[in-house]
Amino acid sequence: MLAPVEICSDGRLELSDAVKLALVDHCGAIIIDAPPVNALSAAVRRGIFESVRAANADTAVRAIVIACAGRTFIAGADITEFGKPPQPPALNEVITAIESSSKPVIAAIHGTALGGGIELTLGCHFRVAVKDAKLGLPEVKLGLLPGAGGTQRLSRAVGPEFGVKMIVTGEPIGAPEALDHGLIDEIVEGPAADGAIAFAKKVVAEQRPLRLLRNDDSKLVAAKADRSLFTAAAAAATRKNRGMNAPLACAEAVSWTLDTPFDEALKKEREAFLKLVADDQSKAQRHAFFAEREAVKVRDVPDGVKPRPVGRVAIIGAGTMGGGIAMSFANSGIPVTLIETGEEQLTRGLGMMQKNWDATAARGGIPADEPTKRMALIDGKVGIENVGDADLVIEAVFETMAIKKEVFTAIDAHARPGAVLATNTSYLDINEIAAVTSRPQDVLGMHFFSPANIMKLCEVVRAKQTASDALLTATMLAKRIRKTPVVVGVCHGFVGNRMLAVRGLQGEALLKSGALPEQVDAVLTRFGFSMGPFAMGDLAGLDIGWRSRQDRGIRWDIADAICEAGRLGQKTSKGYYRYEPGSRAPIPDPEVEQLIDGTCKRLGLTRRAIGDQEILERMIYPMINEGARILEEKIAARPGDIDVIWLHGYGWPIHRGGPMFYADLVGLKTIVERLEFYARSLNEPALRPTALLARLAGEGASFASLNTATNPG
Ligand code: 3HC
Ligand code: NAI
């Protein structure tokens with residue numbers, strides 16, 4: 001990256017393995033090299049601190065550049081250090097040392113400069129970035145606020161209105177936008193460090209004054225004069241906080257730029273940061289961060305096994321799921337053969353995709369020419385004989401075993417040897433599907449979620465005979481299309497839908513006990529779900545579950561009575577709720593209460609008033625119990641994997657970390673006691689705690705202690 005390195009002072013200064021200082025063209029170049037993401041560990045902080053001091057003391061140095069080796073500029077504080085005893089120097093001290101430098105300090109940004117990384121650059125006198133760099137303060141996504149002056153200095157760099165938006169959403173911006181808002185001073189060509197050195201030379205030659213953001217209130221003037229400018233921006237940014245503490249804390253901290261002296265605000269920011277670090281919400285979000293990164297690792301694949309190359313994908317079925325899956329591949333530039341039974345179905349499927357992309361382009365989500373480019377990657381065909389040139393085939397036809405078997409027999413006849421053959425089935429036995437082919441080692445599940453072009457989760461289902469390299473191919477490919485793959489084993493509904501079914505059954509039981517749909521939904525939305533299960537059922541259509549229960553000879557008294565009354569959900573303007581024409585807003589309906597009452601009377605059940613805590617426990621603890629059973633059966637490898645599935649497939653609120661993390665927070669002993677209580681009082685032996693849950697609770701252990709297991713299979 002850097003031009004030939006001259007030696008600083010009396011030798012290249014190696015401050016630690018992670019940070020080096022070299023003299024290049026009269027610039028002290030501080031190079032941070034701490035893979036994978038140059039996080040600000042104690043060693044990195046110490047290295048920067050010492051380098052700034054050494055460069056200031058060296059008369060040969062006229063300016064200082066801070067740059068990073070590897071794929072990115074500093075991606076933030078080292079998250080693994082949170083909650084551990086702090087080690088000096090603190091990041092604030094490092095930033096103060098930079099700010100106090102008598103020689104200009106220039107940050108050289110490439111990759112993704114995030115969190116503490118950006119805060120460090122805000123202490124520099126100047127910032128330059130390469131064009132494709134991204135800059136952001138994502139602390140809020142970890143349940144935190146920027147804790148090293150970010151709330152105060154960013155607002156002074158970009159103005160408090162834009163600052164509050166960046167900090168509360170945590171979304172990074174690109175270098176051009178950063179330049180527009182004054183977050184950086186210049187976009188440089190080529191390696192960031194070289195560009196920064198060229199910029200440093202200009203600063204020195206022109207004797208530019210050193211800009212200290214802490215002293216520069218110019219961008220605060222308007223909002224100080226009219227505070228409503230800020231409060232409107234803060235209100236817009238925090239509108240959808242869903243019970244999370246961090247977004248509100250972020251907005252409040254930014255507001256201090258308007259009324260609190262800088263140093264006092266920095267102290268308050270630090271206190272607020274430490275309070276959030278200790279908060280369960282942040283612990284949950286940090287757990288989710290690491291669980292996501294663990295889940296995508298397929299750890300028990302023998303050394304040397306490589307994924308198979310995939311250049312083209314064939315998708316069979318252009319319905320709700322097939323279309324969405326095809327879009328996900330095209331969104332990542334991967335060509336797709338989309339196969340249907342007839343021209344009419346194909347045209348309808350392709351039309352839906354075009355409409356969807358057009359709508360995104362109209363909203364400004366993608367450039368106007370993208371829909372055409374993406375459609376060009378989709379080759380629509382009639383007939384399964386067209387799978388021949390695909391390296392991966394994904395079947396997304398109707399959820400009927402006989403049809404799946406017919407389709408896999410045809411795929412087997414036409415797919416090229418070595419192609420990975422995946423089914424998107426929600427519930428069916430993939431071993432049975434694999435058995436109709438001559439190559440069960442190539443067959444697995446790739447269970448995407450609806451809408452498949454949006455939802456991140458993909459359960460990658462390993463069947464009995466699935467080969468390791470086929471499994472690796474599917475998970476790597478899912479990652480390539482920016483999904484979160486989680487490896488699971490075969491059972492009815494795999495992990496997510498199996499637990500969802502347990503929750504559904506408890507919802508039905510609660511209605512029989514005396515709760516109403518709106519009461520149950522309100523408890524779960526207050527918990528943090530964006531929608532309650534009954535409103536969700538209405539949205540998806542109640543007939544799907546009804547049909548599936550009929551197929552399996554199962555009766556759910558209330559749910560079936562609702563469907564029998566012609567209430568199939570939003571599509572019939574009534575389900576568990578009623579809907580005004582053209583509106584999706586659920587309205588509680590006295591008719592539903594009568595239906596529930598009538599059904600219960602017929603069954604001889606007495607309904608009673610149910611409290612919110614009982615609703616929460618009866619909806620969530622049985623799911624946790626099922627999660628434990630899933631772990632016992634090795635259908636999921638780690639409790640963290642189950643959490644990731646619920647976070648990315650079912651809208652589990654991120655600040656609650658996932659069901660298994662939540663169980664640890666509540667305490668497994670409490671969960672066991674409450675499950676035993678409900679099993680007894682409701683006469684429902686199925687609610688009794690599983691052996692694993694009971695054992696962990698008995699040992700005073702947690703699910704977290706199991707998070708190191710390997711993948712199922
Ligand atoms: N601290 C410690 N480890 C980190 C880390 C961090 N800030 N960021 C990433 N890592 C680790 C990951 O756990 C992963 O480890 P693994 O290989 O052992 O699983 C590895 O780095 C690579 O990470 P990704 O798989 O996520 O790599 P990508 O290339 O997909 O993404 C990234 C890179 C965009 C930097 C992404 O890792 C990311 O978003 N990181 C978190 C950034 C962040 O939240 N920063 C703010 C931290 S809080 C803070 O700065 C507080 C301050 O205000 C005081
Ligand atoms: P859908 O009914 O919308 O689409 C199925 C499509 O497959 C139809 O367009 C049909 O014409 C086509 N098809 C049927 N037989 C075919 C054949 N022999 N060759 C080519 N095309 C054929 O169904 P949907 O909802 O997309 O579901 C598909 C699969 O995905 C099912 O297994 C379902 O369980 C699963 N799934 C569905 C989810 C959902 O929310 N809809 C979520 C996750 C999985």
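Helices (H or I, at least four residues) and strands (E, at least two) are DSSP runs, numbered from the N terminus. The model is predicted: local features need pLDDT of at least 70, side-chain atom pairs count only at pLDDT 80 or more, and totals for chains, interfaces and linings use all residues. Residues are numbered from 1 along each chain as its sequence is written, while chains are lettered from A and ligands numbered from 1 in the order in which they are written.

**View 1. The shell around ligand 2.** Helix 13 (320-331), strand 12 (336-340) and helix 16 (401-414) each give at least two residues to this shell. Helix 13 provides the largest share, three residues. In total, 24 residues surround ligand 2 (C-beta atom, placed from the backbone, within 6 Å of the molecule). The closest are Gly317, Gly319, Met321, Glu399 and Ser450. Sorted by class, the shell holds twelve nonpolar, ten polar and two charged residues. Here Ala, Val, Leu, Ile, Met, Phe, Trp, Tyr, Cys and Pro count as nonpolar, Asp, Glu, Lys and Arg as charged, and the others, Gly among them, as polar.

**View 2. The shell around ligand 1.** Ligand 1 is surrounded by 25 residues. Ala75, Gly76, Ala77, Gly115 and Gly116 are the closest. Strand 6 (112-114) and helix 3 (116-123) are the elements that supply two or more residues. The class count is 13 nonpolar, eight polar and four charged.

View 3. Helix 24 covers residues 590-603, 14 residues in all. The expected span is 1.5 Å times one less than the number of residues. That gives 20 Å, and the end C-alpha atoms are 20 Å apart, so the two agree. Gly604 follows helix 24 and has a positive phi, near 75°.

**View 4. The domains.** An automatic or database domain assignment sets the bounds. The protein is divided into domain 1 (8-276), domain 2 (313-488), domain 3 (529-603) and domain 4 (612-705). The C-alpha centres of domain 1 and domain 4 are 41 Å apart.

**View 5. The fold as context for the close-ups.** The protein has 29 helices and 18 strands. Its radius of gyration is 28 Å, close to the 27 Å from the globule rule for 713 residues, so the protein is as compact as a globular protein of that length. The radius is taken over C-alpha atoms, and the rule is 2.2 Å times the number of residues to the power 0.38. Along the principal axes, the C-alpha atoms fill a box of roughly 90 × 60 × 55 Å.
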